[in-house]
Amino acid sequence: MNNHVTEQLTAAGAAIEHDSFDIIDREVAHHTYTSEQWPLVRRMIHATADFEFNGLARFHPNAMRAGLAAVLRGDTAIVADVEMICVGLSPIRLKHFGLTVRQFISDDDVIAQAKAEDSTRAVQAMRKAHRLGLLDGAIVGIGNAPTALIELVHLIREEGARPALVIGMPVGFVSAAESKTLLAAQQDVPWIISEGRKGGSTLVVAALHAFLSLAEARQREAKAA
């Protein structure tokens with residue numbers, strides 16, 4: 001039985017998506033991910049048509065369990081580095097799980113503080129999320145700004161921030177790869193990263209939608225039991 005809430009809204013759309021997943025499975029043939037991790041990696045490939053993510057995607061040992069628990073708990077915040085992630089997520093799917101999405105990068109106070117401290121808006125946005133108490137227990141998705149991820153790791157290490165999960169996939173040439181290595185070096189908070197320069201908001205959205213799909217399947221299993 002297929003999911004209902006986290007499927008495409010039309011039968012034709014759902015068929016195309018499932019056909020795409022089947023093609024990816026056939027062409028990949030071999031991977032080393034677990035049965036829970038692979039649907040997330042497959043969605044990353046589906047979103048980009050880039051098979052290199054079979055290998056570039058890396059998981060903290062507790063990442064899938066922590067992400068699923070955060071989604072199923074409900075009333076969980078998703079804190080994003082940029083608005084692109086917020087608008088890419090399905091409102092219907094988010095509502096089903098009672099999830100909210102927040103980002104602060106364009107807030108006036110964030111911009112003013114970044115100028116005053118000669119830092120980036122992304123840094124100040126993460127600091128604002130922490131001041132508001134939104135990071136603890138949240139799923140944090142970073143797909144654009146390496147400085148946001150570097151600041152988040154600082155907040156975890158030095159300020160005691162405790163997100164439920166960090167999806168760290170910033171794209172770029174300046175500090176992108178390094179920021180992900182920095183995140184993976186700490187073990188206090190579960191993480192999922194895309195190694196190297198490749199990344200992007202599209203990947204974060206794909207990962208989050210994978211969690212929502214897996215969570216709905218878990219709900220169906222619980223009802224059937």
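Me: How many aromatic pairs does a search of the whole structure find?

Reply: The model is a predicted one. A search of the whole structure finds two aromatic pairs.

Me: Why is the pair of Tyr-33 and Trp-38 called stacked?

Reply: Two rings count as a pair if their centres lie within 6.5 Å, and as stacked if their planes are under 30 degrees apart. The ring centres of Tyr-33 and Trp-38 are 6.4 Å apart and the planes stand at 25°, so the pair is stacked. Both Tyr-33 and Trp-38 are buried.

Me: What makes the pair of Tyr-33 and Phe-59 edge-to-face?

Reply: The label edge-to-face applies to planes over 60 degrees apart. For Tyr-33 and Phe-59 the angle between the planes is 70°, with 5.8 Å centre to centre, and the pair is edge-to-face.

Me: Why is this pair said to tie together parts that are apart in sequence?

Reply: Tyr-33 belongs to the loop between α1 (11-28) and α2 (37-48), whereas Phe-59 belongs to strand β1; the pair therefore ties together parts that are 26 residues apart in sequence. Tyr-33, Trp-38 and Phe-59 form one aromatic cluster.

Me: How do you know whether Tyr-33 is buried or exposed, and Phe-59 likewise?

Reply: Buried means under 20% relative accessible area. Tyr-33 has 12% relative accessibility and therefore counts as buried. Phe-59, at 13%, counts as buried too.

Me: Why are the buried residues of α10 said to line one face of the helix?

Reply: In α10 (residues 176-185), the buried residues are Ala-176, Ser-179, Lys-180, Leu-183 and Ala-184. Seen down the helix axis, they fall within an arc of 135°, so they line one face of α10. In general, an α-helix has 3.6 residues a turn, so residues three or four places apart point the same way. On the face turned away from the buried side, α10 carries the exposed residues Thr-181 and Ala-185.

Me: What covers the buried residues of α10, and what covers those of α8?

Reply: For α10, the cover includes β1 (57-59), α9 (146-158), β5 (165-168) and β6 (191-194). In α8 (residues 121-131), the buried residues are Ala-122, Val-123, Gln-124, Ala-125, Met-126, Lys-128 and Ala-129. Their cover includes β2 (77-80), α7 (108-117), β4 (139-142) and α9. After α8 comes Gly-133, with a positive phi near 75°.

Me: What makes the phi of Ala-29 and that of Asp-118 worth noting?

Reply: Most residues other than glycine have a negative phi. Ala-29 has a positive phi, near 65°, and Asp-118 has one of about 55°. Ala-29 is placed in the loop between α1 and α2, and Asp-118 in the loop between α7 and α8.

Me: Why are Ala-29 and Asp-118 called exposed?

Reply: Exposed means over 50% relative accessible area. With 69% relative accessibility, Ala-29 therefore counts as exposed. Asp-118 has a relative accessible area of 72% and is therefore exposed.

Me: Why is Ile-85 called buried, and which residues does it touch?

Reply: Ile-85, in helix α5 (residues 83-88), has 0% relative accessibility and therefore counts as buried. Not counting residues up to four places away in sequence, Ile-85 touches Ala-80, Gly-141, Ile-142, Gly-143, Ser-201, Val-204, Val-205 and Leu-208.

Definitions and conventions. Residues numbered from 1 in each chain as written. Predicted model: local features only at pLDDT ≥ 70, side-chain atom pairs only at ≥ 80, totals over all residues. Heavy atoms only, no water. Buried < 20%, exposed > 50% of the residue type's maximum accessible area, 1.4 Å probe, protein only. Helix = DSSP H or I, 4+ residues; strand = E, 2+ residues; numbered from the N terminus. Arc of directions from axis to C-beta. Contact = heavy atoms within 4.5 Å. Phe/Tyr/Trp six-rings, centres within 6.5 Å; stacked < 30°, edge-to-face > 60°.
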